[in-house]
Amino acid sequence: MATLRGVTESLGAPLHLRRFRALWLASVFSNLGGFLQAVAASWLMLELTGSPAWVAAMAASTTLPLLFLSLPAGAAADLANRRNVLLSAQVMMLAAVAAMSVLDILDGITPELLLGLGLLLGLGVAVNAPVWQAMVPDLVPRQLVASAVALNSISFNAARAVGPALGGAIVVVAGPGTAFAINAVSYVLVVVVVASFSSSDWTPQDEASFTRAISLGVRYTRFTPALLWLLGVSAGFAITSAALQVLLPNFTQDRLGAGAGMYGLLLGAMGIGALGGGVSRARIGHRLGGHTVPFGIAMYGAAGVGAGLVTEPWVVAALMAIAGAAWVWTLATLNTTIQALSHAWVRGRTMSLYMLAFSGVYPLGSLLAGAIGDGVGVHWAIVGLSSAAVLLGLAALRMPIIGIDEVAVSEPAYDWDPTPHGDTEIEGGPVMVLNTWVIEEHRLGEFLDALAELRLVRLRTGAYRWRLYRNADDPRRMTEAFNVASWEDHLLQHQRIDAAAAEVIRRARAFDIAEGPTSRHLVAFDVVDPKHRLDWAHLATQHRHAHAEDGSIPLLSIGPDGDAEV
């Protein structure tokens, strides 16, 4: 077998790793079952109601819970054992599809029950999605993350290529209940694989409280501009791309005059295109760089416009294949880039925000498509929303969207002490950290630019307030002040510094022309409530433990040789 170094650049390299290979193989069957499920559920709802709005609502039901649960699920992915969270989600989804199967086989299904079980399935999806995405870098080395994401995309789209046509055939021959039962078996396979992982191999990535963890995840994303642009484009693509897929059952029946078999074939054509898109994504991404996402969105929209305007099934199938390739280029690039931009401690939460931005907004696009389809016709709804996707892609060309090759390494590059203030336990809070520079007057502009970057580092690693002050008596003396919720949060803040952030800190510190910048740490405590007052002996004890020999509490710094020091 080739060494890991020898297979690093190969798309199949992650499959040399046992745990990833086992989970990936199980996901192939799970994805196939998912497409059988989607075809069967949409067609069954069409048979039960005949309404585009009901069909769109059914398609939306499995992703709608992401709107409400994505952030809590992302926090759980970082605060809890990821293996156990994934196992719970898979069992929940298994229960939902098994109930659909039994009810349909017993002829007890109604539109309301089908939609309700779809929402239960969606609850499992909402819990599963962030942890599934966040686990990829846990299963493979960093240099293989892009290949692992591409393999997951290929798995999904290989299932898309086969699943819809197979699902259509199963619905025609054996009924939707059989398709639901097959999907239930596919969930059993994933449960068996995940249960085989040792629980002790998965440890929480952060130690914040649950609500604090959600806040930190939002703050991290808010103060990482590259992430914000990617999430905004993801949401726009979710709104504009939904119509082509969720209205396809009605389009097949009303516009093409065909049945479930043709519906499955059209989805299969999209899957074949998507499979080709997965194989070619790396090459396209290398050529287009930051333009991969805008190009993919515009191409998808153009294919959707064409599909909505024609009535020849073979032309629609060809356009669906083009849309499938563009779909994968766009989503695989967004997924990989967001993972690469996210530090390990917050990756579950950033991936949950990505799932919220795309999968959580997608049902809104589905509902919008259904409403427009009811009003002006299914094909015009597809044409209109696909045209909006073209405009979004063209607009995205003007946005500062970065490619995966432009993402700096986000993991820590320095082996520093994660508790830079020793084993100090300081009570009270919040904590204010003051860092004071003495700078040269002619470098003020450069200094302010550096501090603007430093501000983002402080805020995305845990600070909730940041300001820069100048000394009224000496304008060369500048003081950075930022607040964190507690001493424990400040210690955790040091663990959240990655290589890019460390470089920002090093550049900022280099502006000081004195012996600093000098640092002070101020810890708030209660002077009103006697129960929470600290006596002088307690304060003195903390003071002796917390302070260094020179009487100051040192701030983590980057030394002139690039090493971390206290």
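I counted secondary structure first: the protein has 21 helices and six strands. Helices here are DSSP runs of H or I with at least four residues, strands are runs of E with at least two, and both are numbered from the N terminus. The model is predicted, so local features need pLDDT of at least 70, side-chain atom pairs count only at pLDDT 80 or more, and totals for chains, interfaces and linings use all residues. Residues are numbered from 1 along each chain as its sequence is written, and side-chain values use heavy atoms, with hydrogens and water left out.

**Burial and contacts overall**

I looked up burial next. Of the 566 residues in the protein, 55% are buried (under 20% relative accessible area; exposed is over 50%, partly exposed in between, with a 1.4 Å probe and protein chains only). Then I checked contacts (heavy atoms within 4.5 Å). Among those with a separation of 6 or more, 84% join residues 24 or more positions apart.

**The core**

I asked which residues touch the most other members of the largest nonpolar core. They are W327 and Y354, in a core of 83 residues. Such a core is a set of buried Ala, Val, Leu, Ile, Met, Phe, Trp, Tyr and Cys residues joined through side-chain atoms within 4.5 Å. Helix α14 (residues 313-341) gives the most to this core, 13 residues.

**α14 with α15**

I followed α14 to helix α15 (residues 347-360). Their axes come within 9 Å and cross at roughly 150°. Axes are lines fitted to C-alpha atoms, for helices over the stretch in contact, and angles run from 0 to 180 degrees between N-to-C directions. The two helices are therefore roughly antiparallel (over 145 degrees; under 35 is roughly parallel, 65 to 115 roughly perpendicular, the rest oblique). From α14, the contact uses W327, L331, L334, N335, I338 and Q339; from α15, it uses R347, T350, M351, Y354 and F358. I sorted these by class: seven nonpolar, three polar and one charged. Ala, Val, Leu, Ile, Met, Phe, Trp, Tyr, Cys and Pro count as nonpolar, Asp, Glu, Lys and Arg as charged, and the others, Gly among them, as polar.

**α16 with α17**

I repeated the check on helix α16 (residues 362-376) and helix α17 (residues 378-396). Their axes come within 7 Å and cross at roughly 130°. That makes α16 oblique to α17. On the α16 side I found L368, A369, I372, G373 and V376; on the α17 side, V378, W380, A381 and L385. This contact has eight nonpolar residues, one polar and no charged.

**Helix α3**

Is α3 mostly covered or mostly open? Helix α3 (residues 52-61) is mostly covered, with seven of its 10 residues buried. Those are P52, V55, A56, A57, M58, A60 and S61. They pack against α2 (18-49), α5, α6, α10 (225-246), α11 (248-254) and α16.

**Single residues**

I picked D489 in helix α19 (residues 487-495). D489 is buried, at 9% relative accessible area. Leaving out residues up to four places away in sequence, D489 touches R212, V484 and R496.

I then went to F68 in helix α4 (residues 66-79). F68 counts as exposed, at 63% relative accessibility. F68 and G360 are 292 residues apart in sequence, yet 8.2 Å apart C-alpha to C-alpha.

D107 is exposed, with 69% relative accessible area.
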